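Thanks for coming. I will go through one structure today, starting with its rings and ending with its loops. Please have the model open while I talk.

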Amino acid sequence: MPLRSFIKFNHMIDRKDFEVIIVGGSYAGLSAGMALGRSLRNVLIIDGGLPCNRQTPHAHNFITHDGTKPSEISAKAKAQVLQYNTVKFIEDFTIDAKKINNSFLITTQSGKEFTAKKLIFATGVKDIMPDINGFSDAWGITVIHCPYCHGYEFKGEKTGIMANGERAFHLASLVHNLTKDVTILTSGKADFSAEQLMKLKKHKIKIIESKVSQIEHDNGYIKNVVFEDSQKIPFMGVYAAIPFKQHSEIPMSLGCELTESEHIKVDVFQKTSIEGVFACGDNATMMRSISNAVQSGNMAGAMVNMELTQEQF
């Protein structure tokens, strides 16, 4: 059967009750879906189609897919997962979840309701953009978050770090390994210890305390960082440490605990504090990368299958 026929079939939801519902169908969710599909589990994946890396032109540091567009990776993954005919997929947003006896009732934005014995949340996190003109347009392109995901492409280039304190110092140590032209942009009084300042000075890492007011760019590619004091400095790339929030509040409404860093608290098997509920991907770890999302999704799928097997055997 042609691949497109599998995909079409899997968009036709002919049942309401599943063994597992996966909320979020990007890398972690699809990885969990594959593990479960290969174990013949009846699975529904619900995804709204808005991955956090949708602006990023190329994915890196993911073996066999280095330099590939993120959308191409996810499209290929989705096609492969949906070849397992016990796995279904709908494009929708999950808006509510309730535990009823030993099952979960899921409600979607379009008004559909589904039940499952187990839930996997692969919902990711939502970055909170600062009120800086041009910042969000360049986010994921030349305003970046991770030296491992993006740093090689800016090696040897004039690079900024928009952060302060411990986070800025940590980033500076990693970025300095990739380029010696590093400037920290604190947008306020620098918050470093005497020892940290000495190390930054030793490595000729500059600090600018003036507040950033604008990112001048061309289709997301930085031309200049503009400051409130009218200073304007060209950079090729800028790392930015920005806050985030959970993309979905539903795990917390079910009672899932959070860590101090506001990630969903899970054990080594991706189990949350609520029985029958698992979480994987960016929502449950500080390590934001495709490879980590795939790994944690695979673990979640395997552990959910093991729990179902033990309950049914």
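A residue counts as buried here if its relative accessible area is under 20%, and as exposed if it is over 50%. Phe114 has a relative accessible area of 1%, so this residue is buried. Phe18 is also at 1%, and is therefore buried by that cut-off. One caution before going on: this is a predicted model.

Now the aromatic rings. Such a pair is described by the distance of the centres and the angle of the planes. How many aromatic pairs does the structure hold? There are two. In one of them, Phe18 and Phe114 are set edge-to-face, with 6.1 Å from centre to centre and 65° between the planes. This pair links distant parts of the chain, since its members are 96 residues apart. Phe18 belongs to strand E1, residues 17–23, and Phe114 to strand E6, residues 113–121. Phe135 and Trp139 make up a stacked pair, at 5.7 Å centre to centre and with 20° between the planes. Phe135 and Trp139 are both buried.

Two lysines come next. Lys78 has its charged end over the ring of Phe89, 4.0 Å from the ring centre. Lys155 lies over the face of Tyr152, and the distance to the ring centre is again 4.0 Å.

On to the core. The largest nonpolar core contains 26 residues. Val20, Ile22, Leu36, Val43, Ile45, Ile120 and Val304 are the ones with the most contacts inside it. Elements that supply at least two residues each are E1, helix H2 (27–37), strand E2 (43–47), helix H3 (70–81), strand E3 (87–91) and helix H9 (290–312). Which of them gives the largest share of this core? That is H9, with six residues.

Next, empty space. Rolling a probe the size of a water molecule over the atoms shows where such space is left. I will take the second largest pocket, which has a volume of about 630 Å³. Its lining is made of 25 residues, and those nearest the pocket centre are His145, Arg167, Met286, Met287 and Arg288. Strand E7 (125–127), helix H5 (147–150) and helix H6 (165–175) each give two or more residues to this lining. H6 gives the most, with four residues. By type, the lining of the second largest pocket divides into 14 nonpolar, eight polar and three charged residues.

Helix H5 also contains Pro147. Is Pro147 buried or exposed? Its relative accessibility is 12%, which is under 20%, so Pro147 counts as buried. The C-alpha atoms of Pro147 and Asn177 are separated by 9.8 Å, while the two residues are 30 apart along the chain.

Last, the backbone. Most residues other than glycine have a negative phi. Two serines have a positive value. Ser187 has a phi near 50°, and Ser230 has one near 75°. Ser187 is in the loop between strand E10 (182–185) and helix H7 (194–202). With 31% relative accessibility, Ser187 falls between the two cut-offs and therefore counts as partly exposed. Ser230 is in the loop between strand E13 (221–227) and strand E14 (232–233). Its relative accessible area is 63%, over the 50% limit, so Ser230 is exposed.

That is the end of my list. I can go back to any part of it.

Conventions:
Residues are numbered from 1 along each chain as its sequence is written. This is a predicted model: local features need pLDDT of at least 70, side-chain atom pairs count only at pLDDT 80 or more; totals for chains, interfaces and linings use all residues. Side-chain values use heavy atoms; hydrogens and water are left out. Rings of Phe, Tyr and Trp (its six-membered ring) pair if their centres lie within 6.5 Å; planes under 30 degrees apart count as stacked, over 60 as edge-to-face and the rest as tilted. Buried means under 20% relative accessible area, exposed over 50%, partly exposed in between (1.4 Å probe, protein chains only). A charge sits over a ring if NZ of Lys or CZ of Arg is within 6 Å of the ring centre and within 35 degrees of the ring normal. On a 1 Å grid over the protein atoms alone, a cavity is a set of points where a 1.4 Å probe fits but cannot get out, and a pocket is an open set with protein on both sides within 12 Å along at least five of seven lines; lining residues have an atom within 4 Å of a point. Grid points are joined across faces, edges and corners, and a volume is the space filled by probe spheres set on the points. Ala, Val, Leu, Ile, Met, Phe, Trp, Tyr, Cys and Pro count as nonpolar, Asp, Glu, Lys and Arg as charged, and the others, Gly among them, as polar. A nonpolar core is a set of buried Ala, Val, Leu, Ile, Met, Phe, Trp, Tyr and Cys residues joined through side-chain atoms within 4.5 Å.
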